[in-house]
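Please read them with the coordinates open.

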Amino acid sequence: MPPQTPDAKITTMKQGAELTGLSQAELVSFVETMGEPAYRGRQIFAALQHRRLRSFDEMTDLPKDFRARLSEVARASSLTVESRYLSEDGTRRYLMKTHDGFPVETVFIPEERRDTICFSSQSGCPLQCTFCLTAQLGLLRSLTAGEIVEQIVIALNDAYGAGVKPPRGTNLVGMGAGEPFLNFDSLLQALRVMADAQGLHIVPNRVTISTAGVVPRILELAKASDRPHLAISLAAPTDELRNELMPINKKWPLEQLLSACKEFEKTLKPNERVTFEYVMLAGVNDEDEHARQLANLLNRHGLKAKVNLIPHNPAEPLPYQPSLDQTVDRFKNILESKGIHVYVRRPRGRDIFAACGQLAARQGTPININSIGA
Ligand code: SAH
């Protein structure tokens with residue numbers, strides 16, 4: 001099926017408008033086109049985003065005949081959960097399907113003081129990073145704003161029940177399948193909807209979006225007033241190596257990418273930094289020389305960067321192995337000796353294909369999904 005460009009606003013499809021992707025104001029306009037008063041729009045918004053309901057039937061505060069008319073022209077839910085996988089470390093992966101049959105994956109990662117939800121921006125991915133399993137799917141289609149928001153609703157409902165306020169903070173990372181900056185409008189629309197204090201209330205400051213390096217969008221995001229944090233998937237310190245691992249580098253090479261990051265940096269808050277993710281592939285990009293090149297590259301651009309070293313998550317048929325722990329430590333020490341802030345990311349959910357780079361709609365042994373009511 002050819003890629004489609006989704007309309008970020010009221011997407012009218014065969015089964016009607018997708019309400020989960022609409023802001024409160026847009027829902028008000030929507031109900032007004034149906035001849036209803038504005039407060040009905042606010043009621044629907046509260047039902048979808050605050051109570052996290054996923055069907056009109058459950059919205060019993062709306063008159064029955066209005067619910068019936070709504071279900072003729074709109075959808076309260078666009079995703080269905082196909083399977084849920086639970087890792088021994090508590091991470092959960094959801095394999096869902098869009099109403100038109102495309103796979104969507106979301107990962108829920110409980111941590112001590114907060115939960116992190118890793119959402120997908122596209123079904124599949126058009127980029128061809130050689131170390132990432134999602135690349136093997138190709139781009140199936142970009143997700144709508146509603147499909148992005150609903151991933152978070154589903155993960156929260158499964159963890160805590162519909163309408164229950166999460167006991168811990170929720171952080172979002174746009175690091176699932178797809179390239180978020182190739183679905184920019186829907187992404188920003190979803191973030192706007194989720195930020196509403198009367199809904200999910202997940203503000204941009206709690207959100208990190210990762211890009212393989214779509215330079216024009218980095219510059220555009222820098223201009224946005226209320227924007228998420230930025231992460232860049234780097235994977236290599238030279239154009240020669242990065243062209244091989246991440247073909248997008250041929251379009252936007254390192255010089256352009258890091259100059260855009262420098263522009264972005266001008267808009268950072270005092271303690272905020274751009275994160276650079278560096279997947280560590282044994283014998284490919286993990287030598288001392290690479291660490292020195294990486295430090296020099298970041299320092300030459302005067303970036304106050306933070307580097308996240310991610311041990312490669314191996315999976316058939318990817319041709320790489322993760323770097324040894326001692327190699328990761330050495331690499332980290334070299335970067336630190338040159339003044340770079342470094343973190344080593346602990347893989348989560350590897351056993352259920354939920355870790356970075358493993359989202360490719362894999363089946364497994366699902367656990368009971370009754371509690372999701374999907
Ligand atoms: N397209 C965006 C969003 C995906 S984020 C981007 O490229 O940033 C996925 C993150 O997982 C990236 O930082 C990538 O470097 C990392 N990654 C991909 N495949 C991986 C693998 N097999 N092991 C570890 N990390 C991987």
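**Notes on the model**

1. Arg52 sits in the loop between α2 and α3, where helices (H or I, at least four residues) and strands (E, at least two) are DSSP runs numbered from the N terminus. Its phi is near 55°, a positive value in a residue other than glycine. With a relative accessible area of 4%, Arg52 is buried; buried means under 20% relative accessible area, exposed over 50% and partly exposed in between, with a 1.4 Å probe and protein chains only.

2. On conventions: this is a predicted model, in which local features need pLDDT of at least 70 and side-chain atom pairs count only at pLDDT 80 or more, while totals for chains, interfaces and linings use all residues. Residues are numbered from 1 along each chain as its sequence is written, and side-chain values use heavy atoms, with hydrogens and water left out.

3. Ala235 is another residue to check for its backbone. It lies in the loop between β12 and α7, and its phi is near 70°, again positive in a residue other than glycine. Ala235 is buried, at a relative accessible area of 2%. Most residues other than glycine have a negative phi, and most peptide bonds are trans. The bond from Glu316 to Pro317 is cis, with omega near 0°; Pro317 belongs to the loop between β14 and α11 (325-337).

4. Helix α1 (residues 24-33) has Gln24, Glu26, Leu27, Val28, Phe30 and Val31 as its buried residues. Their cover includes β2 (16-18), α2 (38-50), α3 (64-73), β3 (74-75) and α5 (184-195), contact being heavy atoms within 4.5 Å. Just after α1, Gly35 takes a positive phi of about 80°.

5. Strand β3 contains Arg75. This arginine counts as buried at 8% relative accessibility. The side chains of Arg75 and Ser78 are joined by a polar contact of 2.8 Å. A polar contact is a pair of N or O atoms within 3.5 Å; within protein, one must be able to donate a hydrogen and the other to accept it, and residues adjacent in sequence count only if both atoms are side-chain atoms.

6. Helix α9 (residues 254-265) has twelve residues and should span 16 Å at 1.5 Å a residue, which agrees with the 16 Å between its end C-alpha atoms; the expected span is 1.5 Å times one less than the number of residues. Which residues of α9 are buried? They are Leu254, Leu257, Leu258, Ala260, Cys261, Phe264 and Glu265. Seen down the axis of α9, these fall within an arc of 155°, so they line one face of the helix; the arc is that of the directions from the helix axis to the C-beta atoms. Their packing partners include β13 (275-280) and α10 (288-300).

7. Leu297 lies in helix α10 and counts as buried at 4% relative accessibility. Leaving aside neighbours within four places in sequence, Leu297 is in contact with Pro237, Leu254 and Leu258.

8. The ligand is surrounded by 19 residues, the closest being Phe131, Ser210, Ser233, Glu277 and Asn313; a residue is near a molecule if one of its heavy atoms lies within 4 Å of it. A polar side-chain atom of Ser210 is 2.6 Å from an oxygen atom of the ligand.
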